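Please open the model in your viewer and keep the selection tool at hand. The tour below goes from one selection to the next and says what is found at each stop.

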Amino acid sequence: MRDILPEDQKYFRHILKKSDQLLDYYGFERIDTPMVESVDLFLRSAGETSDIMEKEIYTIKTKGGDALALRPEGTAGVVRAYIENGMNVRPHPVKLSYWGPMFRHDQPQHGRYRQFYQLGAETIGDSSEAVDAELIFLGHKLLDMLGLDNYNVHINSLGDSSCRPGYIKALKDYYKLRSRKLCFNCKNRLKTNILRLLDCKEADCAEVAKEAPQTVDFLDDECKSHFKHILEFLDEAKVPYILNPRLVRGLDYYTRTVFEFLPDDPSTHSTKPQGGEPVESTSSGQGGSQSAVIAGGRYDKLIEMLGGSKTPAAGWAMGIDRIVLALKEKNANIPDGLSKPKVFLVQLGEGAKRKSINLYESFRKAGIEAKSSIGRDSIKSQLRIANRLGVRFALIFGQKEALDGTIILREMDTGVQETIPLEKIVDEIKKRLKKE
Ligand code: ATP
Ligand code: MG
């Protein structure tokens with residue numbers, strides 16, 4: 001797990017500000033859920049044979065004997081909160097957004113951490129294709145607002161409980177004949193979690209996956225029409241997408257739509273960002289394994305699985321850390337969001353220092369941005385800081401001034417100085433700033 005140092009905070013602030021602006025407008029309300037939940041919640045949602053449950057989950061045994069887990073993702077907690085707080089009586093769809101740290105015992109590397117941050121959006125209580133399309137549109141829009149224009153959404157449909165069994169059977173038949181070529185993990189997945197075979201990042205497995213049966217060929221009429229309508233919405237909204245028949249998600253709870261925003265990297269796939277025919281592409285494989293920045297889909301079964309009533313839903317999660325890396329790689333100019341100080345308070349000697357505390361506070365109260373460096377003693381070093389900060393005024397408060405109840409006001413550009421009674425200094429600065 002890593003530290004996020006002060007110099008990186010502006011990226012987080014910027015991303016959260018942009019996403020708030022967008023998601024607020026589209027009617028998403030913020031929800032915060034605990035970072036710790038019962039292990040059982042993730043067992044029931046992510047599924048026993050998911051990567052998350054098999055190797056990534058951090059568990060805690062409490063003194064009372066409860067088995068808890070650091071949340072590996074946000075959706076299960078949001079759904080638990082929806083059920084527990086009786087949110088099913090609210091007007092639907094209930095649109096919720098969240099952000100916060102998630103924890104997975106992943107192999108740490110560039111863009112993959114054990115504590116990472118996700119921002120998510122969930123639309124609960126509506127099965128219409130417009131919801132899926134709106135979510136994808138918002139992912140696209142958010143990346144666009146962040147100046148990241150080199151991502152494409154890859155999209156697929158996994159069908160639902162009526163047509164997926166047929167697909168799973170075809171997949172099993174296909175893989176059984178080729179099991180020799182699979183990696184150790186995939187040999188196990190063959191028995192437990194066959195869909196995940198398509199998602200394996202090992203080169204040999206990816207090769208076998210290329211010719212595997214495709215979900216879209218097995219969709220029943222309803223699922224097919226749902227998928228088709230989403231694509232029509234995206235065409236209308238001019239969101240470029242790539243049909244990716246091998247896209248499955250790491251979590252078991254998805255039904256129908258799944259999608260992932262991946263960088264448009266010609267070295268990993270030679271596709272055009274256009275709807276229409278299915279195209280060759282690796283979902284997360286070959287060099288792209290740390291590159292998905294948003295992932296999501298529809299999860300019509302999850303709420304029921306977690307004890308709620310039958311309620312359709314869809315959502316996505318964005319990996320904030322990966323967005324930060326992308327912004328840095330682009331050398332994006334990110335505002336630090338801090339206002340520029342106008343005044344620097346230079347204090348010399350014990351008496352002045354003591355009085356400085358209240359003086360400094362009076363600038364904050366007056367809404368004037370001031371800085372000081374209370375630990376320093378030399379006037380030269382303090383004026384150097386004032387210069388570096390580019391303040392308009394330095395206030396020099398020495399032993400003599402502290403005794404007299406005055407302070408020296410220095411205009412930094414001209415070096416012109418004037419002695420002012422202490423009780424008038426805030427007003428004097430206000431007056432001079434007004435003239436700016
Ligand atoms: P991956 O295939 O990269 O492991 P995933 O399928 O496990 O991703 P999701 O569970 O869908 O990822 O999470 C959504 C997003 O969260 C990902 O697209 C990614 O941007 C981010 N993410 C997931 N795991 C990590 C991690 N360990 N470190 C940083 N970001 C992560
Ligand atoms: Mg993962």
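This is a predicted model: local features need pLDDT of at least 70, side-chain atom pairs count only at pLDDT 80 or more; totals for chains, interfaces and linings use all residues.

**First stop: Ser-45.** Select residues 39-45, which form helix α2, and then pick out Ser-45 within that helix. Is Ser-45 buried or exposed? Its relative accessibility is 1%, and because anything under 20% is classed as buried, Ser-45 counts as buried. If you now display the side chain of Ser-45, you can follow it to the backbone oxygen of Leu-41, which it reaches at 2.8 Å. To see what surrounds this residue, leave aside the neighbours within four places in sequence and show Ala-76, Asp-252, Tyr-253, Leu-302, Met-305 and Leu-306, with each of which Ser-45 is in contact.

**Second stop: the pair α5 and α9.** Select residues 129-145 for helix α5 and residues 221-236 for helix α9, and turn the view until both axes can be followed; these axes come within 9 Å and cross at roughly 45°. The two helices are therefore described as oblique to each other, and their crossing is right-handed. On the α5 side, the contact is made by Glu-129, Ala-130, Asp-132, Ala-133 and Ile-136, while α9 contributes Ser-225, His-226, His-229, Ile-230, Phe-233 and Leu-234.

Move on to helix α12, residues 350-365, and select Lys-353 in it. With a relative accessible area of 14%, Lys-353 is buried. At 37% relative accessibility, Lys-430 counts as partly exposed, a class that lies between the limits of 20% and 50%. Once residues up to four places away in sequence are set aside, Lys-430 touches Ala-366 and Ile-368. Draw a distance between the C-alpha atoms of Lys-430 and Ile-368 to end the tour: the two residues are 62 residues apart in sequence, and 7.8 Å apart in space.

Notes:
Residues are numbered from 1 along each chain as its sequence is written. Chains are lettered from A and ligands numbered from 1 in the order in which they are written. Side-chain values use heavy atoms; hydrogens and water are left out. Helices (H or I, at least four residues) and strands (E, at least two) are DSSP runs, numbered from the N terminus. Buried means under 20% relative accessible area, exposed over 50%, partly exposed in between (1.4 Å probe, protein chains only). A polar contact is a pair of N or O atoms within 3.5 Å; within protein, one must be able to donate a hydrogen and the other to accept it, and residues adjacent in sequence count only if both atoms are side-chain atoms. Contact means heavy atoms within 4.5 Å. Axes are lines fitted to C-alpha atoms, for helices over the stretch in contact, and angles run from 0 to 180 degrees between N-to-C directions. Angles under 35 degrees count as roughly parallel, over 145 as roughly antiparallel, 65 to 115 as roughly perpendicular and the rest as oblique. A crossing is left-handed if the near helix is turned anticlockwise from the far one by less than a right angle, and right-handed if clockwise.
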